[in-house]
Amino acid sequence: MRIYCKSGMITICIVFILSGCRFSGQTDDRSLSEEAKGPFSKYELTVPIRIGTSVDPADNSLPAGDTPGDNMYSRYVKDQLNIETNVLWFGLDGKDYDQKVSLSIASNSLPDALTVNDTQLREMVKAGMLQDLTRAYNDYASPLMKGLNDKVEGRALQTATFDGKLYGIPGINVQADGVHTMWIRKDWLDRLGLEVPKTLDDLEKVAKAFVEQDPDGNGKDDTIGISGPQSGGRLYGTCLSPTNNTFGFDPILSSLHAFPGYWIQDANGQPIYGSIQPEMKTALGKLRELYAKGLIDPEMSVRKDAAEPVISGRSGIFFGPWWMGYWPLPDAIRKNPKANWQSYAVPLDANGRFNAHMPSTTHSWVVVRKGYEHPEVPVKMLNLLVRDEGPVFYSWTISAGNYPLRVVQAAVDEEEFTAQALRDVLMGTKQPVDYNNLPEYKLLKSDLENIKKVKLEPYDKLDIDAWNTLADLGAWSRLYSLMVGVPYYKGDYDKVYSLTYSQTKTMESRWANLKKLEDETFLKIIMGVAALDDFDKFVADWKKQGGDQITQEVMATLR
């Protein structure tokens, strides 16, 4: 805007006044936003943000002189965006951090921004403590961040949307983490002249052979058909803990259309709890039968380490996600380089389909204190994380957990896309250069560079003898996991999502007891300590002890 006067003094005075205001230390939202309107544009004046953050006490990756609050990441944010992060408080990973968050809520003294879980998010929204981030996201989120959210069809953003307003920037997790497949000793199958099992009946026959026919050839009766969870382990994933339940029985349950721990729809489209459905009783009966026949590890739920029989070479089958090449298979391969662990999306249901429990798209959110002058700042920081985590940060030696405000921002199809790219490059249909400029696939460049270091010809053979595990065990762990473990190559499959992955009010006070009742009852039924018909009593007790109320609350949240 121009102001005309004969002397020109009015213009000079206005410029002087504005300059004085801007350099007085005040943070005028309008002026700063105008200076840094773009997703990656740098503020002219330093913008401070106070955060609460978690610290991993076992992390020793920081160089001398650096701290969780002042390190390469925080300095990078300052250099790139002129945002200065100040840590208001630290909390150790886990309960200590959650206690710090709870204290901040109770005292109404939130930092300007922090990372929270679902329960904390909802509590803060209910208390009116959070800034509406709808405009900040719409105006400042980078095309790349928005693209990641588009890949999940808005499900991630919906988790933080209340009454049409966005109150948190969600992390986005890869979907393959929640898909558990069958990992099996294919060398045992070959030695016994058996085919890869497809149905539950096939699985039972193979497990029986593994137990009875000495598949390891040591002349001892010491082999296990199917491994199960260790002491304190989980039988299956749930809506509140949908991943990392390795050695559970999710694929067996899903093949019988039992989806415990998830909220699913009945024939009328109403939410029902999968653990109390008739299909679950049928599935428990089958697991009970397999256990009674000695086909499931007799020490299931007692054994301290479920991975031990896999590593020692005594187990032939277990269920787990794609990343088993990271653990426990490296230890198993060191013990026996010929242990040919392969993964298959089985058992199939009566319709010939593989069903998979799918995880929530997100488990954590970055939230902003209501009244913070620059709610776009955390969005811009996350833009930087999404853009540079792969091409820049992965070359650093310090843990990514030291990034000031970090939630996982991954392409939901990261593993599937990478697995396909690896195969395309190996088979010569594409070149690594064809995959340039894809920062959302953070490890793709290094994966393509490393694949021929560890994968031997023929490239379409995935058995263990077609890999060079000694060349680079770290690279092998990832690339073997991608090419063998990712269900992308196992054929099309049906994805079953929980209607909600959140706690309701009654769940906050009753869920621990209800889950304990569920876990104890199901484990006793499987191990033959309780009758199968005890399932009916469990259902009745579950309903009386808060389950019916929780179902009504879930129904209300979905309307």
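Y73 is buried in this predicted model, because its relative accessibility of 1% falls under the 20% cut-off. Y73 also takes part in one of the 29 aromatic pairs that the structure holds. Its partner in that pair is F393.

**The Y73–F393 pair**
- The rings of Y73 and F393 are 5.0 Å apart, centre to centre, and their planes make an angle of 85°.
- The pair counts as edge-to-face, because that angle of 85° is over 60 degrees.
- Y73 belongs to helix α3 (residues 72-81), whereas F393 lies in the loop between α15 (376-388) and α16 (414-427).

**A pair within one helix**
- F535 and F538 form a tilted aromatic pair, with 6.0 Å from centre to centre and 50° between the planes.
- Both residues sit in helix α20 (residues 534-557); F535 and F538 are separated by about one helical turn because they are three residues apart.
- F535 and F538 are both buried.

**Charges over rings**
- R155 places its charged end over the ring of Y497, at 4.8 Å from the ring's centre.
- K455 lies over the face of W467, and the distance to the ring centre is 5.4 Å.

Technical notes. Residues are numbered from 1 along each chain as its sequence is written. This is a predicted model: local features need pLDDT of at least 70, side-chain atom pairs count only at pLDDT 80 or more; totals for chains, interfaces and linings use all residues. Side-chain values use heavy atoms; hydrogens and water are left out. Rings of Phe, Tyr and Trp (its six-membered ring) pair if their centres lie within 6.5 Å; planes under 30 degrees apart count as stacked, over 60 as edge-to-face and the rest as tilted. Helices (H or I, at least four residues) and strands (E, at least two) are DSSP runs, numbered from the N terminus. Buried means under 20% relative accessible area, exposed over 50%, partly exposed in between (1.4 Å probe, protein chains only). A charge sits over a ring if NZ of Lys or CZ of Arg is within 6 Å of the ring centre and within 35 degrees of the ring normal.
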